[in-house]
Structures are given as structure tokens and as C-alpha cells.
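Open the model in a viewer and keep the selection panel at hand. The stops below say what to select next and what is there.

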Amino acid sequence: MSRLLSLWALMAVVCVSVFAASLSAVTAGLVPNDAVTLWASAMTAGEGQMPIGRILAAYPTLPFLATTLLQVVTPAGTPTPVLLTGVVLALLAGGLLTSLHRIGVAAVVAPLIVVLIVLHPAVLRAAIAGPSEMIFTVFLFLLGCALFRMRARTGASEVMAVALSLLGLTFSHPMGAAMTCAAVPFLVLAIQPEQLSRTTLNLVLALLFPTVFCVAAFSYMSWIFPGSGWTFLMAPAEGVATWATGFFTLFGRGWSGSLAIDAGLATIAAIVIGAPIAGFAIISIWRQRPLLAPTLMFVSTAVAAAVLAVTTGLFGDPAALAVMPPILAATVIIHMPPVRRRLGIVAALLVLGWFGGAAALAIADPSGAVNVAIAMEGQHADSERSAAIDLGHASAGRDGVLVDTLNAPAIVLGRGGARGLLSPSDEAFTLGILFSRIDTPFVAVPDPQVGSGAQDRLNKAFPLLYRRGAPGYQLIYDKAGWRLFGRTDAIAGEATIQH
Amino acid sequence: MQQLSASDRALGDILVARRVLTLGQLDEAIALAEAWHVSLGNAILSRNWAEPAIYYQAVAYHYELPFIDLIRDPPDPVLLLEGEADIYARRLTIPWKYRDGRLMIATAEPGPETLLFARKRWGTNVAFVVATKFDVVWAVQAAFDDALSARAVYELADLNPELSAQRVFTPGQIIFGYAILSAILLGLALSPITTLIALNVAMSVFYLGNFVFKGLLVMFGGVRVADETIAIEARALTDDELPVFTVLVPMYKEPAMLPMLAQALRDLDYPLGKLDIKLVLEASDHDTIEVASKLGLEGMFEIIRVPPSLPQTKPKACNFALQFARGEFLVIYDAEDRPEPDQLRKVVATFRKSSADTACLQCSLSYFNASENWLTRMFTLDYGLWFDQMLPGLDHLRIPIPLGGTSNHFKIDVLRELHGWDPFNVTEDADLGVRLTQKGYRVGIVDSTTFEEASCHAGNWIRQRSRWMKGYMQTLLVHTRRPLHFVRRTGPLGFLGFIFFIGGTVLSGLLNPVFWLLYLAWMIAAISGLEAVFPEPLLFLSLFNLLAGNGALMFLNMLAPIRRGWLNLIPYSLTAFGYWAMLSIATYRGLWQLLRNPFYWEKTHHGVSKHVVRELARAREAAA
């Protein structure tokens, strides 16, 4: 009973702390663009404003569907991604505590270990980054545990656990997909040697089948439903650039001369600094191959995933791997009896890892570190997003606003919903661009000279729209690089701004 | 070890004196009888060292009783009571005739126990004659053919009609089905697209629920590891601790399988003298009866001739034979079965350590000809998923276990209490497993495998599978007649598990072609510009079911062979689509038969695989 109470108490504390931290991060503009896009998309889908084709093709699928579902069932105005992140992390904390209890870790020490892991700077960073990275974190932990179990006994349920963890990773975050790809050559390390003598490749086929099948099915669905496109394959490309910019800002010309190798080295450095317990664990179990092999496999996969992400540019910002150190720490504590027998050392190394984690973050997520520095100076880390949110506020209550929400999803957040917006998935938007004619009640465009304004679809179709407006429209809002024009008949009686 | 009785020692001496046995054989027989804790006669007959008639003549001589031939001189029918037929068969003792004012009792087991029993049953004015046990069994059969046969057919239907498949649909079920059909038709007439979407959603929920449920079963069932403890406990059982075990082998027109079957049963690591093996043959199956009679089988083999009656099903034959069974436990094997030698010992050990309410233990089934062709490989994957992964999952979650065709071991008292198998149900085993749970008993799993012959021809496979599917439908219909009762007995999880496991298996067979056809229709519609007929939500649901459902089941199939290390079968899971197409054909065939000919038993032909043909040829060569 007391264990159950402590479990619930711990989960509640974790959920509330993370909720508060994430909310502050949202206010400070520290949330990555991906998370904002996800939130805006979930709002749009939750209000029934998104065609089924786009819902089906939305990626990362799991966080998107979970956020959308939460958006539907919670009252308007609930910060659903933040809530989802808090709940997921609380569940992770609960799962960790239960596992520690099950393996016989003392009831007093277990919550301390859990707190040091789930409130590790890297996990907090993942929580701030939104549901996608949080769900990625959970699947990373599940994969780690599944690998250890599969190395001990390659049975059906163990194979199933690894296969489903890989599937979950792939559909929770682009870096999860990178992890899955990177895992392929290392999977044999996690298979019981007795099974290796048989047809190993067939077992690898079973391990990868769910992911390969679902990716194929996902692609097929994206192809079948008009308007969905293949965005999930292309979207994250800019993430690598963001990571590289941050890395070069912090470390000058880099370490090795190759960005891909630097990414791998950064992951290793982050693990060494953020999870000193991993080094201790490896030394403790050096001769125990059933424990060593999955550890090396897990770490190698993460390093290879970072290299792969930077090399291909397909999987976005490798910063998501910053969460690897605490997850690795949790996995080795649970699955390595020689390690957890020395609880004093474990606790000390976790504390050390907690402090090291802050430094490790700067290495694994350099752009995030830059943003934190900006926020600490009291500035908004992303002024463009801030401007879009302001525009959203200003356009609230107006119906029929033609705007490229895919380029500036924060508008949806600022408005508190997508209803009344005519976005690229709407027919009015498509027809407007196709016939080069605007006749919606309102139209909003960003300054094409500033940041992502050049990517705005309306600016591309109507290059002079921002500067001159459209015939029959009057400027009713002009702030921080955004202009909102209203059709004369739609704004009769409203105050306008003269050019 | 128990010392041989003085009476048996004397009998041994007579047999040697009559040159029926050599001294060496006698010593060996005495050793066996003492080790097995059986009579000397059982030991001798199990080794086939004496012709039964000669042995029983010696027994008669030893007890100074007359020896009679019950076939030539059958019992007086007036003396026989129909209600006592099973007692005669089990005691191997039967009233024969009145002679000189005394009731003559024919017995194959003369001795103090029989004397006490006879005096208690027929009074003190009795005298005894000796007959062979085969004659006694034959005499009982000859006298009560009709009665025993009627009992085999109608006992369950008469005493527990709500659990019998004799009535295919109850009025309540017909009204329910009619109401559902009417509602669908009305919906289609008034709002076709909405109705189609609603139907699709309902199908999707069940379809996906089915896959999720099966996934959970594999997850829980896959955790199960080889039970080394039970193997050790089985080895530790001494022969005298083992009870008499009845083995029923129902066969029909399979004379060629007999030598291999007999060898497989001889190979069992169980005292042969404690085996009560009954070859259950249809009386009209003269070929098999003739081969069995000429094979010179040991004394533990008995032939039970099942009189012709309808329905001509395996459960009816088993019910008939059950009335002659003498064991504490009973198992059913098919003619082509190869049980692992220590199976019966493992079963006894498991029963001994299981809870008192455990009435049945199911062993795993697998195939010895898995690599013969694509169909046998797929069938092996299917069986692996069912027996190695999902049944242990059901056991773990305490969900009723539908028994598999053979290698289910029963406590014989419970089996009799439940009136045996349902002769009207063509998957009587699945039905009995659920009925046991409904009656408050538990069905467990034993870590032992019986290897069978997988159907290697499509026609044969479809015939077999259509019978199974029809049987699952019958089982589903029977056990959902009183849903609240079922829930009370098994709990909500048990009820849902049963619905998904049995109902889900049938429904996926029925629904797969629907989704495939919907998909095809959509493609045709898309080509011909009729997309409007398929609104996006409908298309999405159909596609989702098609992809998620089929993908999930393919993956589960890949996990199926892992437990046995048959990893070479994994890639064949990718071709499961063809197997499901055959499964759907069999399901619709089963449905058609359920409506047209519900009790018809589709015979599966055995002995056709290359493996068996080779073994038979080898056996023939050896015999030559």
C-alpha cells in the first residue's frame, strides 16, 4: 500500500514539475519549431479542420495522434502537448520505480534514483521539446530494456518487445527512425548466441518487420489520400542545419573536420559526461558478455544514429539523442545486478551525471544551449514565432483568414485554434494561388525579407502582397513583420492602418 | 515396488509348466509386474508373450474354473442390464448364464476383488467362469450396441441440452440474428453510406480487437519457458506410482497407419501394463479392423467397434469407447500422432501438482513434416502460433482454453461427469475445453509436444479447416446461449477472451475477403471515376484494417516458430496472404456446411505426406 502511495506521489510530483517547467519554456520561446508545428496541427485536426489525408500523413505519428486525441477530450485552452509530456514522463517515472521495486532496490533509494533519472537535465530538455521527444525517450528506454532481455533469452515475447520498441521509436520522432536504421547492423549483438548459429537474418527480419511494414503502409496511405504528400520524408532536413549552426557557434570549426563524425563524438561525449554510471557499469561487467553486448549495441546504435542523421540529413536535429545518457543509466541499473549491488556508488554517479548532464546538453544540443543563453538574457529565443503568436491573437474572432499556417504554425497557437483560418490544406488557399486571385475576407503575410517569410506560400505566389496589399483590401494589422489585410466589405467600420 | 501375489506366482509356474512362457520370460514378467505394480497377466500380455486365449485358459486352470468362449457362447441377454454396461466393461466381469440354479459370472480378472464385487452385486449364489478380456468387452458391445451407441450420441443432449450443439440455433439466437440483419438492411435502404461506415467501424473494432488480443496472448504466452522442472518430476515418478492411463485412438479407414501408430504408442515411456489402449474403429471399417486384428498387437491394445449410427463423428466414437475405459486418466491421439515419449509421465506429474479443479491438460501440437511444402510450412507456423504462443497466453490470463484435436489428457471421472464429448460438435475438443471451464474446472498446459502429419494437399487442408471453422461456429453458438452465465463462471476477461479467440478466428476468416473485395472495388471505382461511392472515412477504415490487421498477423506468425528454433520458417510468414485466402475459403465452406449439414464430419486423409509414405515403406521392408 505504501509502495502504491509512493508510486502515485512520485508520478504526481514528476507530472506537475514537468508541466510547470514546460509551460515556462513555452513562454520563454524555448520550445522547438517541431513541437509548435505538432501542437498547431493537433489543434487543427482536433477541430476537424484538417483533411483526413493530412491527418494520416502527419509525422511523427504517435505524438501527433496522442496530442490530437488529448486536444479533443480536454477543454479549450489546455496546453495539450505540455500536459501529454507531463503524463508520459510521469508514466516513465512510475514504470522505472516499479522496475526498481521488482528487482529489489530498497524502497528508500528507489525514488531517489528515479528522481535523478527523470529530472536529469537531458530528460527535462526532452520534456520541454514536447511530446515527440518525450515519447521517443520512453521508447528508447523500452528498447534498452528489451535488448537486455532479448540477449538473455531470444523468445517470442522478447523479439516482440524489441520489434515494437523499434516501431515506436520510428513513429515517435525522426531520430527514432534514425535509431531504427542505425540499429540494423548491431541487432545481432543483442541476439542470444544459441540463436545466432541458426538463421540469424530471419530473426532480424522478424525484428524489423513491424517497422518496415508500417513505413510501407504509411507511405501507401500518404500516396492514396490526396493532399497528404510525402512531407514526412522531407520535413526534418532543416534540423541538421540548426544543429550544425549551434555546434559551430559553440565549438568553432568543430572537432574532427567532419560534421558527421563530430555528431558521433558529441553523442559519445554526452554519454560519458551525462551518464558516468555507464562507464562504471561497463568496467563492472566487462567479462559478462550477456550484459556487455546489449550495452555496447545500445550505445553504438545511438552514435551511429547521430552520424546517420547528419550524413543523410533525413532525420532532422540529432539533438534528440541528448536524452541517451539518463536512459542508458536507467537501463544499466535495472539490468545489471553487479551495478545495482553498489547502491551508494550508483547514487553518487547519478548525482555526478545530473551535473554533468547540463554540460552534456551543450554538446549534444548546441542550438538548444544557444537558445537557453538567449532566454536567460531575458529575450524571446524565437522572435519570429513570437510575432506569429501575436498575429494569431490579433486575428482571433475573424473568420476567413487566408494564411500559410504550415510555414507559421504558431499563428494557430496564438488564435487558440484553427477555425476561421484558411490554410494551405483548404481549397480556398489552393484556388487562390492557382488563379492568382485573393477574395477571402482576410489575408495575412509575413515580411518576405525576414527569416522564414521568404518561404511563405502566399509571398511566393504574390511577391508584392506584403508591401502593397491586394486590391480591395486594407491593412488592419502591422506588427513585428506580419501584416493582416481585410477586404473592404469585411472590415466596414473597423480602424485601418495606412501605408 | 510391490511383491507379486502368491496367486500370481503360482499362475506363473503354471504358464511355465504349460510351456506358454520360458523361465526367462517369467522372471522378466515378474520383474515388470512388480515394478509396474500390475498383475502378472498384464505384464505378460503387454509383452505379447502369450496368446490371450492360452493365457486365460491357464488362468482358468489356476483358479480351477471353466474357460468359456463368449463369442461362441454369449451371455444370456435376460441377465444383462443396460445401465450396468459400463461397469461390466470396466470390471471385465459380466453375468453369463444360470446353471444349476446358480448365476454364472464370466470374468477376465478372477480373484478376491472380483469375488467381493460379484457377491455384493449379484448375491452369494454365484459361480465363476473365465473368459478373455477381449471376449468380455466384445460381449458387452454385442449385447448393448444400440444402448451404448444411443448413450454416446444423446447423453449430453438429453441431460445438458443447453450445452449441446444438437440444436444449431436457439430461437433467441435466430431472433437476434434476424433483428441485426433487418437493422442493416433498413440502414442500407435509408442511409447506405452511413450504414456502410457504421458496419465498417463495427468490423474494425472487432477485427483490430482480435489482433490486439492475439498480440497480448503471444506477449504473455511467449514468456513461458521450457518447463524443466516438470520433466525432472516426470522422470522421478516410479512406475508403481503411475496410474492406469487410457489411450483412445479413433481411426477411420486408416489401416496403413496402424503399424506406425502401434510403434509410437509402444515408444511411450510408460509401463505398458498400465496402458489401456483402445483402437476406436467404426464397425463398418472392415479393412482397418482386419488389419488391426491380424497385426498381433499386445494385450494392452483393444479394438472397440463403434456401431453405425448418426452422426458419424469422432466425438461419438470417443463417447462410445469412453464407456469401456478403465484408466484414471485418458488421452486421445490421432492415428498419425507421435507423442514425445515422456508425455504421459509429464501429464501425471502435472496433474499431481496442479490444483484439484484441473481436469484437463493440453499438450502442444506440431508437425513432423513441416518442411514438405509451402502449405505444411504455413500450417506449422499456424500451429506454432496457436499452441506454442497463444494457448500458454490463454492459460496465463485464465481464459477458457479451446482444446486442440489430440493430446488432451483428462481426468476420466470429470470427463464422465460432463457426459464426454459433444457428438454433434465437429470441434468437440474446443467445445469440451470451454465446457470444462463453464463447469468450474480448469484446463492447463503441459510442456510436451505431439508431432502430427500436416495436411500437404490444398483440398485435404481445406476440408480439415472447414470442419474446424464449422466447429468453432458451433462452439461459439453453444457457449453464447447464456452469456451472463458464462461471464459469471469465467469472468468478463474469460468471456471476452473466448469471443475474441474463437469468434475472432472465425470472423477474420469471414471478414478478410470483405476487406479485400472492398479494396478491389475501390481500385476499380478509382479507375472508373466512381470515388464518390467510397467516402474517405470508409476508405480509410478499410485500408487501415487491411494494412494493420494483416501486418499484425504476419508479424505474429513470424514469432510463432521462435520457441522451437525453427527460424527458417520465419520468411514464409510473408506469404501468409495466400494461406489466409485458403483459410477464408475454408471458413465460408464451414459456414455453408453449418447451415446445410451441421453434423457432417469432413474426414482428413492421413498417411499421404512423403514423410509418412517413406516410413511406411521402411516398415514394410522391415516386415518383409
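Start by colouring chain B by domain: the assignment gives domain 1 as 6-139 and domain 2 as 164-624. Bear in mind on this tour that the model is predicted. Now select the residues in contact between the two: 17 come from domain 1 of chain B and 20 from domain 2 of chain B.

**The domain interface**

Show the surface of both parts. Between domain 1 of chain B and domain 2 of chain B, about 1600 Å² is buried, and carbon and sulfur atoms give 59% of that area. Which residues of domain 1 of chain B lose the most area to domain 2 of chain B? Select B:Trp36, B:Arg90 and B:Val137, which together account for 33% of what the domain 1 side buries.

The rule finds 1 salt bridge across the interface of domain 1 of chain B and domain 2 of chain B. For polar contacts, the count between these domains is 5 residue pairs, both residues being at pLDDT 80 or more.

Switch to cartoon and stay on the domain 1 side that touches domain 2 of chain B. Helix H2 (23-36), helix H3 (40-46), H5 and helix H7 (133-159) of chain B each supply at least two of its residues. H7(B) gives the largest share, 4 residues. Coloured by class, that side of domain 1 of chain B shows 9 nonpolar, 4 polar and 4 charged residues.

Most residues other than glycine have a negative phi, and most peptide bonds are trans. The next stops depart from one or the other of these patterns.

Select B:Leu92, in the loop between helix H5 (85-91) and strand S1 (93-99) of chain B. Its phi is near 55°, a positive value in a residue other than glycine. Is B:Leu92 buried or exposed? B:Leu92 is buried, at a relative accessible area of 2%.

Then go to B:Arg398, in the loop between helix H15 (374-397) and strand S10 (408-411) of chain B. B:Arg398 is not a glycine either, yet has a positive phi of about 60°. With a relative accessibility of 55%, B:Arg398 counts as exposed, because exposed means over 50%.

**Two cis peptide bonds**

In chain B, show the backbone from B:Leu310 to B:Pro311. The peptide bond there is cis, with omega near -5°. B:Pro311 sits in the loop between strand S6 (301-306) and helix H13 (314-322) of chain B.

Move to chain A and select A:Tyr59 and A:Pro60. The bond joining them is also cis, with omega near 5°. Where is A:Pro60 placed? Look in the loop between helix H3 (52-57) and helix H4 (61-73) of chain A.

**Last stop: a buried asparagine**

Return to chain B and select B:Asn557, in helix H20 (residues 536-559). B:Asn557 counts as buried because its relative accessibility is 7%, and the cut-off for buried is under 20%. Apart from neighbours within four places in sequence, B:Asn557 is in contact with B:Leu381, B:Asp382, B:Leu385, B:Ser573, B:Ala576 and B:Trp580.

Terms used: Residues numbered from 1 in each chain as written. Chains lettered and ligands numbered in written order. Predicted model: local features only at pLDDT ≥ 70, side-chain atom pairs only at ≥ 80, totals over all residues. Heavy atoms only, no water. Buried < 20%, exposed > 50% of the residue type's maximum accessible area, 1.4 Å probe, protein only. Domains from an automatic or database assignment. Contact = heavy atoms within 4.5 Å. Buried area = accessible area lost by both parts, 1.4 Å probe. Salt bridge = Lys/Arg side-chain N within 4 Å of Asp/Glu carboxyl O. Polar contact = N/O pair within 3.5 Å; in protein donor to acceptor, adjacent residues only side chain to side chain. Nonpolar A, V, L, I, M, F, W, Y, C, P; charged D, E, K, R; others polar.
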